[in-house]
Amino acid sequence: VSLDDQLSKYLPDYPKPGADATIAQLLNHTVGVQSYTGIPGWMVEAKTNRAYTTEQMIAEFRDLPAPSKPGEKWAYNNSGYVLVGAVIEKVTGKPWHASVDERIARLLGLTTIRYGVHEGETPNMAKGYTLKEDKVAEASKIHMSVPHAAGALIGSVEDLAKWNAALHHGKIIPAELYAKMTAPTVMPDGSTEDYGYGIAPREVRSRKAFGHGGGIFGFSTDSIYLPKEDLFVAVFTNSDSPSASPGMVMQQLAALAINDPFPAFQKAALDAKAVEPWVGLYKVKDGERRITVKDGKLFTQRTGGSELEAFPAGNGKYFYENSLTWFELKRDAAGTPVVAMYQQGAVTPEVTAGAGAIPAELPVADVPRATLESYAGKYDTPAGPLAVALPAEGPMTVKLGGQQAIPVLAVTQTEFRLVGVDARIDFKTEGGKVTGATIKQGGRELAAKRAD
């Protein structure tokens with residue numbers, strides 16, 4: 001198999017434009033086909049809690065409109081890896097996971113790495129959990145044929161470490177292919193995406209690294225490898241909504257292992273008057289940042305994001321809960337107030353000066369209650385179910401998936417802004433009936449289809 005082979009060589013009946021995608025484009029998420037996990041209303045238990053063959057999985061997305069041409073755009077795409085699995089099966093005449101077992105796991109002595117369909121007969125297999133209405137509950141059910149070659153493997157952190165050592169020390173593929181696998185993806189306009197073939201360039205405390213995470217109903221994971229230090233860290237958690245992300249814990253462990261830990265902060269009292277010179281608008285890459293003080297608390301908000309409370313640590317330093325990011329409010333050499341933001345605990349900060357006052361919010365439109373009632377209900381989106389509710393008192397709320405319900409305020413008769421989140425929702429009607437909505441956030445749009 002060549003990385004330059006087209007999918008049509010192995011799946012001659014697959015429709016264009018996806019048929020023209022190369023193996024490399026399947027691997028680096030520029031394939032351009034519809035990712036099945038992004039199909040509105042697809043990732044629900046009624047669809048996921050049953051077995052699929054490879055052909056049945058492909059049938060779920062093969063005839064859907066292509067979001068882009070192969071190689072044109074980068075977008076994480078689980079369908080691409082289902083197709084990778086299908087190519088393996090065409091070449092070997094065996095299930096994709098059988099090839100993983102025979103060609104990799106057995107040869108490396110990875111005794112726990114196996115096809116997830118066998119989790120019921122696996123000793124010490126963890127049970128997956130989630131949060132529902134802020135309470136711990138069993139995760140939604142999913143048959144492990146559903147993630148297919150995009151993520152249907154289970155195993156221990158010890159065996160993942162053995163696999164990692166074999167991969168990064170030349171025991172799996174030759175140096176030429178390893179270099180391609182770990183290099184960023186170059187796009188047609190010359191820009192790059194920090195993703196190779198199933199692995200992504202990263203860093204820990206300014207050290208070069210490679211890594212990848214994973215998530216499924218009831219589980220979330222992350223891992224990272226620092227080549228210079230020959231250090232590997234993996235964190236597995238049997239929850240899809242843990243209190244601390246595996247990626248953050250992973251970064252902290254890696255930093256401790258190289259004796260360069262992230263700063264640790266303790267909460268101090270906020271001097272609201274002292275921070276007044278820094279309240280306002282700041283221009284940053286891809287948007288803006290707002291700093292506000294409300295009810296004696298300091299908040300920051302990026303374009304397309306939610307308001308985040310920042311806690312003072314003294315000496316002009318501020319931090320967030322469950323985050324490695326922190327910042328300083330200080331003055332530059334000319335005495336101008338600036339914000340020095342240490343994203344994900346970076347060694348070198350992003351320094352920005354103020355760009356003026358925060359614009360006044362738009363007035364709230366008066367929308368009849370009967371109209372609001374017509375919007376209330378359930379909607380399907382690629383990111384999960386959307387619930388729009390209208391309480392007996394108070395504003396209408398929207399709730400996406402397992403997130404908290406967020407109040408919304410009317411901008412027009414059909415468009416509403418989310419309180420505390422830089423996002424809007426616009427309801428669509430046809431023939432006098434509400435048929436769907438569009439969530440707009442950070443320059444992206446998420447379509448929602450009426451489900452009830």
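Predicted model: local features only at pLDDT ≥ 70, side-chain atom pairs only at ≥ 80, totals over all residues.
Residues are numbered from 1 along each chain as its sequence is written. Local features need pLDDT of at least 70 and side-chain atom pairs count only at pLDDT 80 or more, while totals for chains, interfaces and linings use all residues, and side-chain values rest on heavy atoms, with hydrogens and water left out.

Strands here are DSSP runs (E, at least two residues), as helices are (H or I, at least four), and both are numbered from the N terminus; two strands pair if DSSP finds at least two bridges between them.

| Pair | Residues | Bridges | Facing residues |
|---|---|---|---|
| β2 and β3 | 129-132 and 135-138 | 4 | T130 and A137 |
| β16 and β17 | 326-331 and 337-342 | 6 | F327 and M341 |

The hairpin of β2 and β3 has 2 residues between the strands, and in this hairpin E133 takes a positive phi near 55°.

An open sheet is built from 8 strands, which follow the order β11-β12-β13-β14-β15-β16-β17-β18 with antiparallel pairing. Because β11 (280-284) and β18 (350-353) stand at the edges with a single partner strand each, one side of each is left without a neighbour in the sheet.

The loop between β18 and α9 (369-375) holds E361, which counts as exposed at 59% relative accessibility (exposed means over 50%, buried under 20% and partly exposed in between, with a 1.4 Å probe and protein chains only). The C-alpha atoms of E361 and S79 are separated by 41 Å, and these residues are 282 residues apart along the chain.
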